[in-house]
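Subject: Handing over the structure

Dear colleague,

Please find below the structure that I promised to pass on to you. Once you have had a look at it, read on for what was found in it.

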Amino acid sequence: MKKYLALTLLAALAAPALAEPAGYTIDGNHTFPAFEVDHLGFSTQRGRFNKTSGRIVLDLAARQGTVDVTIDAASIDMGFAKWNENMRGENYFNTAAHPAIHFKSERLVFDNDTPVAAEGTITLLGVTRPLSLALTRFRCGPHPLNKRETCGADITAQLKRSDFGMTKYIPSVGDDIRLVIAVEAFRE
């Protein structure tokens, strides 16, 4: 009986700690925002950003959370140097004047106990607009190599680049942009 009471007391004391919000730091080695855009109706061109940082707070018990992510716009990678230089220029990401792309969300949408969307805003080229990110494959658990608690997901979203003033070569280079992002984050 004493053993049962001790275990019950221990479980009761531990329960609030499990329900507390947990902070996660974006793993820049496994988080790559990528985008797709139509090119002259012939192909879908893809690019990605190689430097991302940020923080996610999850309170799974309360079905709440926040996301704050910064993408280094100059880390754009289109596959070869000349194209990267063009994309950093004034006609596209204008990284000299706008070095960062920022996404911030104060609202996660849940389906039962699983986050399925992050509703927030994205700031690109100094313009802030609403953006909803769809989350799939969301999973938290111990990382098999370093044993730290890790959460990850695949993210998709759609936006129009013209909404941010990026209009060069529309419609030859498409206005509709599809975002595809792999994200992983370690518990702090």
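Strands (E, at least two residues) and helices (H or I, at least four) are runs assigned by DSSP, and they are numbered from the N terminus. Please keep in mind that this is a predicted model, in which local features need pLDDT of at least 70 and side-chain atom pairs count only at pLDDT 80 or more, while totals for chains, interfaces and linings use all residues. Residues are numbered from 1 along each chain as its sequence is written, and side-chain values use heavy atoms, with hydrogens and water left out.

Let me begin with the loop between β10 and β11, where Y169 is found. Y169 has a phi near 70°, which is a positive value in a residue other than glycine. The peptide bond from I170 to P171 is cis, with omega near 10°, and P171 has its place in the loop between β10 and β11 (176-187). Most residues other than glycine have a negative phi, and most peptide bonds are trans.

D175 also lies in the loop between β10 and β11. D175 is buried and yet has no salt bridge, since K160, the nearest side chain of opposite charge, is 4.3 Å away. Here buried means under 20% relative accessible area, exposed means over 50%, and partly exposed means in between, with a 1.4 Å probe and protein chains only. A salt bridge is a side-chain nitrogen of Lys or Arg within 4 Å of a carboxyl oxygen of Asp or Glu; as for charge, Lys and Arg count as positive and Asp and Glu as negative, whereas His and the chain ends are not counted.

A second residue with a positive phi, of about 55°, is L125, which is not a glycine either. L125 lies in the loop between β8 (114-124) and β9, and at 14% relative accessibility L125 counts as buried.

Finally, which cysteines does a disulfide join? The disulfide (a pair of cysteine sulfur atoms within 2.5 Å) joins C140 to C151, with 1.9 Å from S to S. Because C140 lies in strand β9 (residues 127-142) and C151 in strand β10 (residues 149-160), the pair ties together parts that are 11 residues apart in sequence. The torsion about the S-S bond of C140 and C151 is about 105°, so the disulfide is right-handed. C140 counts as partly exposed at 28% relative accessibility, whereas C151 is buried, with a relative accessible area of 7%.
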